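Please view the structure first and keep it open while reading.

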Amino acid sequence: MTHTPARSDGYLLAIGAHMALRERALVSAIRLFPGPIATIFAAPGARSAKFFDHIITGDPFAPRAALEAVQAFERETGLRPAAVVPFIDGGLWAGFAIAEHYGVPYLSREAIENSSINKDRMKDVLRAAGVRTPRYVKVAGAAEVAAAVAELGLPCVIKPAAFGGSLGVRLVGSTAEAQEAFRYVMEIIDRNAATFSVVNRSVQVEEFCDLTEEVSVEVLNHGDRREVLAVVDKALGPRPHFAEIGHRVPSVHTDDTELRDLAVRACQAIGLDRGLAHVEIRRQDGHEPAVIEVGARTAGGGILDQVERATGLAPYALHIASYLDLDPDFPDPGPTSPEARGVAAIAVLKADNGTITAIDAPSRVPEVVTAYEVSATVGAVSEPPANYLTREGYVECFWPGRKAQDVPPAEHLDIADDLAAQIFRVT
């Protein structure tokens, strides 16, 4: 980093850093902040909890409850947050409430309101700025679904306006399917709204973007400056869902200036002025790319770990530096990302459909595998990939010295399939 913050008697509150595949956020926080690191969640069940200096018991998805928990912690210990850094969509408003109360740097209210935490407003803002994104209609009942489908045409997508992780997102090909998908989305909202303290329960019918490839673009924002750190190839599971099953860095489209410029323009339209943004874009040769979502937060799914391994950049550290109001070490501006040291990838481990009866150690693990982890347990039921909750684990791979074009695009997915077949026994 360009500067080092003065030592503070306060602590850095990392919201969401306790969640799986965000462990490097904690590593970067410890390296950068000269004081204790804390996080907040409702119950001390996360495996990473022991690595924090302080655990504040509270709801990181509910602004008032989160602020009250931090205030109670202050009364108990005398400690105040010197920095608040969000790593997940659901924690953005809680972080804002805490940062505003304690007067520490944070993302602007406008940027949060305009981001994918409210997909209705996000699309309105993007379209008003001339950024291509699918049209949508907000719906509240079955009759409105039919009218929206008639307006947008088939196929189309139905999804919650305030969830992430592909929760509740469905592709539909007929009016009858649309009605069933609407019921499915409402069921997902009912089942998960309390967990994530989601107030916005609205549903979108969205124009289907039929461009054949999807990438994410990780953009660093600070003040009025924005630079692309990486373009990431994304693999999706089978339709009608849009579950992410793999990511690979660098993308074969890393040097596509149209993609990079589109991601930066999207961040500018949203008003992002601090930290990393996760911009999801669909593309196809010969067609204008389209922005699907702009997340005002760090990428999930282990994406940033792959960026760090492939490029040597430290995305979490850059994100934290921005929230500390330091001047992040932006990569040199230009039409491309930093030169890659190799190809890094992560892929989801999926068991066959059914009940998992045994979990075995694999007998063969390719040399390119840097790590794998199993999250499923014996007795769990494996279902087709629908969202981030339908995963049984993950595997990370690295091909040092290789270029994106030198590694088959599905090799990390094939490795994951082979490992899953060795690991899981299913009936």
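## Salt bridges and a pocket

Glu-280 and Lys-234 join their side chains in a salt bridge, with 3.0 Å from N to O. This pair links distant parts of the chain, since Glu-280 belongs to strand E12 (residues 274-283) and Lys-234 to strand E10 (residues 225-236), 46 residues apart. Glu-280 has a relative accessibility of 11% and counts as buried, because buried means under 20% relative accessible area. Lys-234 is also buried, and its relative accessible area is 11%. The model discussed here is a predicted one.

Why can such pairs form at all? Side chains of opposite charge can pair when their charged atoms come close. In this model the count comes to 27 salt bridges.

A further salt bridge is formed by Glu-207 and Arg-135, at 3.5 Å from N to O. Glu-207 sits in strand E8 (residues 203-207), while Arg-135 sits in the loop between helix H5 (119-128) and strand E5 (136-139), so this bridge ties together parts that are 72 residues apart in sequence. Are these two residues buried, exposed or partly exposed? Glu-207 counts as partly exposed, at 25% relative accessibility. Arg-135 is partly exposed too, with a relative accessible area of 31%.

Lys-159 and Glu-293 form another salt bridge, in which the closest N and O atoms are 3.9 Å apart. Here Lys-159 is in strand E6 (residues 156-160) and Glu-293 is in strand E13 (residues 290-295), so that the pair links distant parts of the chain, 134 residues apart. Both residues, Lys-159 and Glu-293, are buried. They also belong to one network of salt bridges that share partners, together with Lys-119, Lys-123 and Glu-206.

The table sets out the three pairs.

| Glu-207 and Arg-135 | 3.5 Å | 72 residues |

How many residues line the second largest pocket, and which lie nearest its centre? Its lining has 22 residues, and those nearest the centre are Pro-250, Thr-254, Asp-255, Glu-339 and Ala-340. By type, the lining of the second largest pocket consists of eight nonpolar, nine polar and five charged residues.

Note on methods:
Residues numbered from 1 in each chain as written. Predicted model: local features only at pLDDT ≥ 70, side-chain atom pairs only at ≥ 80, totals over all residues. Heavy atoms only, no water. Salt bridge = Lys/Arg side-chain N within 4 Å of Asp/Glu carboxyl O. Helix = DSSP H or I, 4+ residues; strand = E, 2+ residues; numbered from the N terminus. Buried < 20%, exposed > 50% of the residue type's maximum accessible area, 1.4 Å probe, protein only. 1 Å grid on protein atoms, 1.4 Å probe; cavity = no way out; pocket = protein on both sides within 12 Å on 5 of 7 lines; lining within 4 Å. Nonpolar A, V, L, I, M, F, W, Y, C, P; charged D, E, K, R; others polar.
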